[in-house]
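Here are my notes on the model you sent over. Have the structure open while you read.

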Amino acid sequence: MEKKKIVLALGGGGLKGYAHIGVISALEDLGYEIVGIAGTSAGGVFGSFYAYGYSIVEILSFIHDIDKTKLFQRLPSDGPSLIGLKGLYQIMDDKFGDRELDQLKIPFATTAVDINTNREIFIDCGKLSDAVKATSAMPGVFPYIKKYDLTLVDGGVYDPVPVNLARWLISDYPIIAVSLAPEKEKAQVLSNLQIPNISPIPSSVVQYFANMRLGKALDTFLISLDVMQMIMTDMQIQLTQPDICLFPDTSKYYYLDDVNPEELIENGRRSVEAAQGSINDAIENFHPKPVKKTGLLLSEWLSDNDQRSVK
């Protein structure tokens, strides 16, 4: 029996992105075939490992081995930012090497924004690790990525759930969008931020600095970011009309909270299981929608600027 084919548009949301692993795992267990993945920010990070060809078991082992005390450290070469992504970069360099986007098991692309021109960039070529680094460069919090003549930041600035990119990538099958922001109608007031364990510094010392003026400012910024993402996601979903939209329960957490990965993975699985009937209906009654290339393809930009050989 032929598997039912779907394309994923995985949204951003920081460490809440663990829910994407649960979504992918449940879809695989239920017999669906993922034939394309478009990712923004956390969606790009977590989707990239599966697109590369790693199994769910292997991805879960990577997660288990992550040293949280090194994940958000800075590199000497980092541009201006509050914290870095040294640990994530090291994981990607180790697991991806020099693998290019056109060499992956599953077609994959990410979104980013060039802050020199304020244009959305669809990253459809080049090294996988570069694509993921660019889409996860949350402005001001994580370092921007300088590549070619572009200064790239998190694709969530324009496109929190990249449905148009997914449809451009493969338009022949239903698009399942996965939002890490809550549905606007179901949004609740969250508890205080849970400070991530990003260094060997004792938690009491971290909490002390968090209660100072700069820490309070960051707290306000991250809360506002979640509200903004919720509103933008709601608007994008209405505009792009994915065939299915999943909302795994991430309501306990903000963007950079110290999350419980197992809980979020399980919530991702549950969102798929609850929507299985709707997913089957979408596959059964699928009609292709027009492809809207809202971003500038990196491959086109390189061709136009004669920079394919630039490293």
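1. Where is His-64 found? His-64 belongs to helix α3, residues 56-65. Helices here are DSSP runs of H or I with at least four residues, numbered from the N terminus.

2. Before going on, a caveat: this is a predicted model, where local features need pLDDT of at least 70 and side-chain atom pairs count only at pLDDT 80 or more, while totals for chains, interfaces and linings use all residues. Residues are numbered from 1 along each chain as its sequence is written, and side-chain values use heavy atoms, with hydrogens and water left out.

3. Back to His-64: its relative accessible area is 67%, so His-64 counts as exposed (over 50%; buried is under 20%, partly exposed in between, with a 1.4 Å probe and protein chains only).

4. Now the rings. I see 8 aromatic pairs in the structure (Phe, Tyr or the six-membered ring of Trp, centres within 6.5 Å; planes under 30 degrees apart are stacked, over 60 edge-to-face, the rest tilted). Phe-49 and Tyr-54 have ring centres 6.5 Å apart and planes at 50 degrees, so this pair is tilted. Both residues, Phe-49 and Tyr-54, are buried.

5. Phe-49 also pairs with Phe-62: the centres are 5.7 Å apart and the planes at 55 degrees, so that pair is tilted too. It links helix α2 (residues 42-52), which holds Phe-49, to helix α3, which holds Phe-62, 13 residues apart. Phe-49 and Phe-62 are both buried. Ring pairs join Phe-49, Tyr-52, Tyr-54, Phe-62 and Phe-96 in a cluster.

Definitions and conventions:
Helix = DSSP H or I, 4+ residues; strand = E, 2+ residues; numbered from the N terminus.
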